[in-house]
Amino acid sequence: SITIPNSVTSIGISAFRGCSSLTSIAIPGSVTSIEDYLFYNCSGLTSITIPNSVNSIGISAFQGCSNLSSITIPSNVTTIGSSVFRSCTSLSSINIPSSVVSIENNLFRSCTSLTSIALSEGVNSVGDYAFGDCTALTNITIPDSVSSIGQYAFQSCSSLTSISIPNSMSSIGNGLFYDCTSLSSITIPNSVTSIESSAFQNCSGLTSITIPGSV
């Protein structure tokens, strides 16, 4: 364990990287950002209090924190970098504040305990592989504000049975639902004009699909 005093305003990149026996830490309210790789592969970390003073979380900050089961992201956070929660295999649920407008690449990739997530109105993009290999994910809510979803965003979400594609989408990207073996039906909105390669490859449970004339 470690206690950081209130006099600290900045914690550098990779400061606690690979501290696999660290189980808890309190970040003081004087800190405004969680830097890149700060807790990368801190596999013993089970929980953390991010203070309301924090407005950004850097790339891969919690990647590989395999015992982190819950985390509260304060409403002041506007930026969450790519791969922040990648391979957090014990994380079962999380709330993304409405101040965050972009779900970056690989953000929740290989979060194999994540069962559901709701993205708030205001999110406008979901990055490549954002939810790739989230094998326990059964439900996700994507608001109509989302106009862009990256390639393979839901790759191998093998428990996902249904999903609503927002009306603002113009393209179903490469491998978007690749290997989503439990997906049984899907309706593509009239806003979509193209379906890219491998979009539904290996969707072995798919029995119904509606493709509009706009494609």
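Because the model is predicted, local features need pLDDT of at least 70 and side-chain atom pairs count only at pLDDT 80 or more, while totals for chains, interfaces and linings use all residues. Residues are numbered from 1 along each chain as its sequence is written, and side-chain values use heavy atoms, with hydrogens and water left out.

Start with charge pairing. The structure holds 1 salt bridge (a side-chain nitrogen of Lys or Arg within 4 Å of a carboxyl oxygen of Asp or Glu). The partners are Arg109 and Asp133, whose closest N and O atoms sit 3.7 Å apart. Arg109 belongs to the loop between β6 (102-103) and β7 (116-118) and Asp133 to the loop between β8 (125-126) and β9 (139-141), so the pair ties together parts that are 24 residues apart in sequence. Strands here are DSSP runs (E, at least two residues), numbered from the N terminus. Arg109 is buried at 16% relative accessible area, whereas Asp133 is partly exposed at 21% (buried means under 20%, exposed over 50%, partly exposed in between, with a 1.4 Å probe and protein chains only).

Asp133 turns up again in the backbone angles. Most residues other than glycine have a negative phi. Asp133, however, has a positive phi, near 65°. Ser198 is not a glycine either, and its phi is positive too, at about 60°. Ser198 is placed in the loop between β13 (194-195) and β14 and counts as partly exposed, at 27% relative accessibility.

A cavity is a set of points on a 1 Å grid over the protein atoms alone where a 1.4 Å probe fits but cannot get out, and lining residues have an atom within 4 Å of a point. The lining includes Ile142, Phe154, Ser164, Pro166 and Phe177; it divides into 8 nonpolar residues, 1 polar and no charged.

On the surface, Ile209, Ile211 and Val215 form a nonpolar patch with about 240 Å² of accessible area together (residues with over 30% relative accessible area and no salt bridge, nonpolar side chains joined within 5 Å; areas by Shrake-Rupley with a 1.4 Å probe). Val215 follows β14 (208-210) and is partly exposed, at 41%.

Notes: Patches are made of residues with over 30% relative accessible area and no salt bridge: like charges are joined within 9 Å, nonpolar side chains (Val, Leu, Ile, Met, Phe, Trp, Tyr) within 5 Å. Helices (H or I, at least four residues) and strands (E, at least two) are DSSP runs, numbered from the N terminus. On a 1 Å grid over the protein atoms alone, a cavity is a set of points where a 1.4 Å probe fits but cannot get out, and a pocket is an open set with protein on both sides within 12 Å along at least five of seven lines; lining residues have an atom within 4 Å of a point. Ala, Val, Leu, Ile, Met, Phe, Trp, Tyr, Cys and Pro count as nonpolar, Asp, Glu, Lys and Arg as charged, and the others, Gly among them, as polar.
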